[in-house]
Amino acid sequence: MRLKTTLLLLLPAIGLIFLFMVIPMLISLLYSFMTANVYGGVTMPLTVDAYVQMLFDQDFSGNLTFMPDYLWIMLRSFYLAVATTVLSLALGFPVAWYIMCQSPARRTLLLTLVTLPFWINTLIRTYCWILLLRDSGLVNGFLQYLGLIDHPLPLLYNQPAVLLGLVYTFLPFMVLPIYATLERLDPRLVEAAYDLYASRWRLFRRVIWPLTKPGIAAGTVLVFAPALGSFLQPDMLGGGKQLLIGSLIEMQFTSSRNWPFGSALAILVTAAVILALILQSRRTKAMEARA
Amino acid sequence: MQFKISVGKLAVAAGLACGLFAGAVPAQAQSAGVLHIYNWTDYTAPDLIAKFTKETGIKVTLDTYDSNETLLAKLKAGGTGYDIVVASNDFVPIFIDQKLIQPINAADMPNFKNLDPKWQARPWDPKAAYSVPWQWGTTSFSYDSSVYPGPVDSLGTLFNPPAVFSGKVSMFGSPSEVINLALLYMGKPICDTNPADLNALVKILETQKPSVKVYNSAGISDRLVSGEAAIAQIWSGDAARARMQKATLRYVYAKEGAIGWMDNMAVPVGAPDYANALKFINFMMDPKNAAIETNFAGYQNAVPASAPYVTPTLASSPEFNPPKDLKMVFTKSCPALAIKDYDRVWTLLRQ
């Protein structure tokens with residue numbers, strides 16, 4: 001009886017995941033093995049061309065040549081996603097800690113402030129960064145007003161600007177899960193560590209860090225996965241001068257009309273994220289076993 | 001108007017990426033006696049709809065999209081219930097070929113005589129069997145004459161910019177826009193697939209790239225007005241609006257030519273209200289009505305007699321009046337091989 005109720009209650013969630021995650025992914029997988037239609041869409045026969053194209057591509061004369069360009073694009077995306085995750089962790093952990101140390105009323109207020117950006121559309125928020133960072137923007141204008149610089153600094157349309165946009169967008173996804181684990185941290189453990197003459201660093205390394213690991217792991221996944229596939233920030237803040245995998249996928253479904261290749265790239269991103277998740281859970285399990 | 005990139009398009013791309021598109025989406029329109037129009041965003045004058053309803057008693061609903069690809073995907077999915085769609089010239093042959101739009105025999109309509117003869121027969125619809133012009137314009141570039149006095153008469157100034165424009169060049173974010181104009185500069189045809197030409201094309205774009213500030217189709221006039229960019233690839237209508245905010249901007253009709261584009265009204269196969277759709281198309285060829293649309297959207301129409309009703313500053317603007325001898329090359333939809341080459345050029349440029 002109990003099991004039945006549980007299953008029944010889980011059904012909507014499972015159905016939703018199946019309908020909007022599993023099925024689309026299966027369709028993508030199928031599309032990635034099909035042939036591109038002239039006007040977009042896919043057609044028969046089945047082929048692995050899309051996967052070959054990731055490394056080898058026909059040049060203008062039609063010769064199949066090794067093409068490292070897609071590899072570079074993937075590496076760059078990976079690097080940016082890792083950098084975003086590391087920076088979000090470095091910035092997000094102290095924020096979560098600070099919030100945890102406040103009175104309950106202030107905590108609620110601060111948590112609301114952390115989620116406040118979600119009330120505004122991401123596109124608009126990203127566009128605001130353009131207004132802030134551009135040559136005639138607020139930041140450059142202010143620095144020039146102070147007389148600190150003569151010429152506007154090149155703050156926009158480069159990789160640091162993309163990184164800034166990504167960290168800004170995904171930071172709350174790091175703060176919230178870490179805060180959730182910090183909130184459950186037993187303060188007596190901290191007191192005990194102090195009683196045993198642990199230094200602040202030791203306290204952090206040996207007590208707080210291990211206990212907040214689940215939150216950090218959740219935050220890492222929540223930031224890394226969307227950062228890897230993002231295209232809004234790279235396109236708007238990067239000036240479209242360097243492709244990232246998200247923009248590359250978008251391009252395949254629109255102007256290039258190569259849905260199979262776009263699907264194959266999407267599958268690759270999904271596979272990379274799943275692989276990261278598996279490695280993560282293996283490590284956690286291994287550590288639990290050791291403990 | 002082609003490739004107006006915005007969130008909508010990206011969202012659609014995401015939808016496509018999820019493979020969700022096939023089954024989901026359409027069926028919001030439908031119901032007889034109501035005309036359902038599907039047009040680009042911010043591209044249908046509200047006064048026009050009000051006037052049409054007042055004159056004919058036919059109610060109108062308007063849905064909007066932001067790229068030809070969206071329109072194509074929707075019509076291919078079928079059952080949209082739209083009576084009028086507005087498609088760019090390069091997509092009209094695709095819609096005809098895919099049997100997504102139906103014959104309307106525009107030449108038999110009473111107001112057809114109002115169309116400029118040169119637009120009565122268009123390369124993408126030679127007998128006006130399927131479509132009627134909505135708005136048209138050119139794609140070229142504008143530069144700030146206070147930064148660089150000029151004179152400028154060549155696309156070379158854009159693709160091989162003088163030092164003052166270094167880091168101040170703004171280009172479109174879509175491969176076809178950038179590559180078509182570059183091919184025009186080279187004196188080569190659109191959809192060129194000659195390997196030597198394409199290698200030269202990549203060279204030209206790579207040489208230009210260090211001077212380029214941004215490849216993005218959104219916010220172009222804004223960048224020019226704020227001084228963020230001093231030279232920018234731009235549509236004629238946007239160029240006119242930018243110049244009205246910053247008088248030193250100059251729209252260039254280069255000796256190599258300019259890219260032309262036109263959006264066209266058509267009736268999808270399976271339109272619920274065919275008769276009223278024809279009424280609306282005829283209505284749009286009336287000079288006064290064409291002028292209402294031009295005043296709203298800021299692009300040229302194909303009805304010369306509308307000129308007296310168009311806002312004078314707009315009607316007399318240089319962006320609206322290309323020189324008679326301008327070589328105007330209309331965009332077209334490239335065959336698969338050329339699309340593949342464009343993709344490669346665009347990837348190589350930004351790898």
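**View 1. Helices α7(B) and α8(B) are roughly perpendicular to each other, and therefore fall in the class for angles of 65 to 115 degrees**. In this predicted model, local features need pLDDT of at least 70, side-chain atom pairs count only at pLDDT 80 or more, and totals for chains, interfaces and linings use all residues. Residues are numbered from 1 along each chain as its sequence is written, while chains are lettered from A and ligands numbered from 1 in the order in which they are written. The two helices pack at an angle of about 105°, with axes 10 Å apart. Axes are lines fitted to C-alpha atoms, for helices over the stretch in contact, and angles run from 0 to 180 degrees between N-to-C directions. From α7(B) come Ile179(B), Ala182(B), Leu183(B) and Met186(B). They meet Asp197(B), Ala200(B), Leu201(B), Ile204(B) and Leu205(B) of α8(B). Contact requires C-beta atoms, placed from the backbone, within 7 Å. By class, eight of these residues are nonpolar, none polar and one charged. Ala, Val, Leu, Ile, Met, Phe, Trp, Tyr, Cys and Pro count as nonpolar, Asp, Glu, Lys and Arg as charged, and the others, Gly among them, as polar.

**View 2. Helix α2 (residues 46-56) of chain B packs with helix α12 (residues 287-297) of chain B**. The angle is about 150° and the axes lie 8 Å apart. That makes α2(B) roughly antiparallel to α12(B) (over 145 degrees). Asp47(B), Leu48(B) and Lys51(B) supply the α2(B) side. Asn289(B), Ile292(B) and Glu293(B) supply the α12(B) side. This contact divides into two nonpolar, one polar and three charged residues.

**View 3. Chain B touches chain A through 37 residues of chain B and 36 residues of chain A**. On chain B, the elements giving two or more residues are α1 (7-17), α3 (68-77), α7 (175-186), α8 (195-208), β7 (212-215) and α14 (336-350). Helices (H or I, at least four residues) and strands (E, at least two) are DSSP runs, numbered from the N terminus. The largest share, eight residues, comes from α14(B). The chain B side has 18 nonpolar, twelve polar and seven charged residues. For the complex, the predictor gives an ipTM of 0.81 and a pTM of 0.81.

**View 4. Domain 1 of chain B meets domain 2 of chain B**. The assignment, automatic or from a database, gives domain 1 as 7-136 + 262-320 and domain 2 as 137-259 + 328-350. Their C-alpha centres lie 27 Å apart. The contact takes 16 residues from domain 1 and eleven from domain 2. On the domain 1 side, α4 (92-97) and β5 (131-144) of chain B each give two or more residues. That side has nine nonpolar, five polar and two charged residues.

**View 5. pLDDT stays under 50 over residues 1-31 of chain B**. pLDDT is the predictor's confidence in each residue, from 0 to 100. The model has 69 contacts beyond four places in sequence for this stretch. Where pLDDT is low, the predicted coordinates should not be read in detail. Among the elements of chain B, α1(B) has the lowest mean pLDDT, 40. Strand β8 (residues 231-235) of chain B has the highest, 94. Chain B averages 86, and 91% of its residues score at least 70.

Conventions: Two residues are in contact if their C-beta atoms, placed from the backbone, lie within 7 Å. Angles under 35 degrees count as roughly parallel, over 145 as roughly antiparallel, 65 to 115 as roughly perpendicular and the rest as oblique.
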